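Hello,

Here is the structure you will be working with. My notes on what was found in it follow below.

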Amino acid sequence: MKIAIIGAGNLGKSIAKGLITTNAITTLYLTRRNVDSIKDFEGYKNIVLTSDNAEAVKNSDILIFAVQPAHLEKILINIKPLLHDNHVLISTITGFSISRMENIIGEDKFVIRAMPNTAISVGKSMTCLCSNEKGKGRIKIAEAIFNRLGTSIEIPEDKMQAATVICASGIAFWMRLIRATTQGAIQLGFEAKEAQELAMHTCYGAASLLIQSGNHPEQEIDRVTTPMGCTIEGLNEMEHQGLSSSLIKGLITSFEKINQIKKN
Ligand SMILES: NC(=O)C1=CN([C@@H]2O[C@H](COP(=O)(O)OP(=O)(O)OC[C@H]3O[C@@H](n4cnc5c(N)ncnc54)[C@H](OP(=O)(O)O)[C@@H]3O)[C@@H](O)[C@H]2O)C=CC1
Ligand SMILES: O=C(O)[C@@H]1CCC=N1
């Protein structure tokens, strides 16, 4: 696959790492204005680093956009004359609708929106996908790319903002929970590094249990909570302090912020 990532910042670089690790590319163009800051990618075979978006577009079939929302419009206007019938445009941009893209480049292009997360760099992204009418004919290509780099599902476009909160911002939310667990473990006597190991792998184990069994979290919780034991005591205290409630409120606040950004 001849892929270009337009905007090799935090997410763009994560996608690039995932693509390189999984050997998913024939050529990979990485663009940004300050090319110096992607020098880490120099020396890889078939990877071109450039600040010239036009060069990347001309030499690629799949264009993955990972710039900040404020930059996309101008980039699309600039590359529009270079787009051909086979280009597949995949936008990871938060809050930038398909219809807004079509208003710039036309409805006759394959347009897909993808909402991955930074775990794509290690092949573990949960990615949500949707497309325009024409893009339905190429959604399988996007699925093939993102399934190599984790798991993907197709959703209606009106759920993309919610998917951003749960999957993309979700990485930060889960990191904070892992950090809090680490701090608790340190307070209980573990060295910092060891504490983080315990927190990370227990988190990984919990997620793996659900993924492999298909069970509801409460079924697994029931297996752990001994009557009058320490687990239920801890869980109930966490809920008295508002654990579930604060998480849900955080997710809703994050969602409201996206809708606010979208209006501006
Ligand atoms: N970070 C994340 O976890 C996720 C982000 N997203 C979305 O992905 C997008 C990128 O986010 P993120 O990676 O965090 O942002 P960053 O700011 O880290 O990356 C965006 C990059 O775009 C580059 N850029 C700006 N203008 C141009 C241009 N004209 N041509 C080429 N490159 C350009 C910038 O580099 P330079 O200044 O050198 O040009 C910058 O590195 C956003 O729209 C965000 O909503 C979606 C899911 C997850
Ligand atoms: O924080 C943000 O706005 C972007 C979108 C999801 C992840 N980063």
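**The ligands**

Ligand 2 is surrounded by Thr-94, Thr-164, Ala-168 and Ser-169. Please keep in mind throughout that this is a predicted model. By class, the residues around ligand 2 are 1 nonpolar and 3 polar, with no charged residues.

Ligand 1 has 25 residues around it, and the closest are Gly-7, Gly-9, Arg-33, Asn-34 and Thr-94. That shell is made up of 13 polar, 10 nonpolar and 2 charged residues. Two helices, α1 (10-21) and α3 (69-79), each contribute at least two residues to the shell around ligand 1.

**The annotated domain**

An unreviewed UniProt entry places the feature "domain: Pyrroline-5-carboxylate reductase catalytic N-terminal" at residues 2-93. The chain over residues 2-93 is 24% strand and 32% helix, and its end C-alpha atoms are 21 Å apart.

β5 pairs with strand β4 (residues 62-65) in the parallel sense, over 4 bridges. In this pairing, Val-88 of β5 stands opposite Ile-62. Together with α3, these strands form a right-handed β-α-β unit.

β5 also runs parallel to strand β6 (residues 110-115), joined to β6 by 4 bridges. Here Leu-89 has Val-111 in β6 as its bridge partner. A right-handed β-α-β unit is made by β5, helix α4 (residues 98-105) and β6.

Regards

Definitions and conventions. Residues are numbered from 1 along each chain as its sequence is written. Chains are lettered from A and ligands numbered from 1 in the order in which they are written. This is a predicted model: local features need pLDDT of at least 70, side-chain atom pairs count only at pLDDT 80 or more; totals for chains, interfaces and linings use all residues. A residue is near a molecule or strand if its C-beta atom, placed from the backbone, lies within 6 Å of it. Ala, Val, Leu, Ile, Met, Phe, Trp, Tyr, Cys and Pro count as nonpolar, Asp, Glu, Lys and Arg as charged, and the others, Gly among them, as polar. UniProt positions are given in the numbering used here, feature names are shortened, and annotations may be inferred rather than shown by experiment. Two strands pair if DSSP finds at least two bridges between them. A crossover is right-handed if, with the strands pointing away from the viewer, the path from the first strand over the helix to the second runs clockwise.
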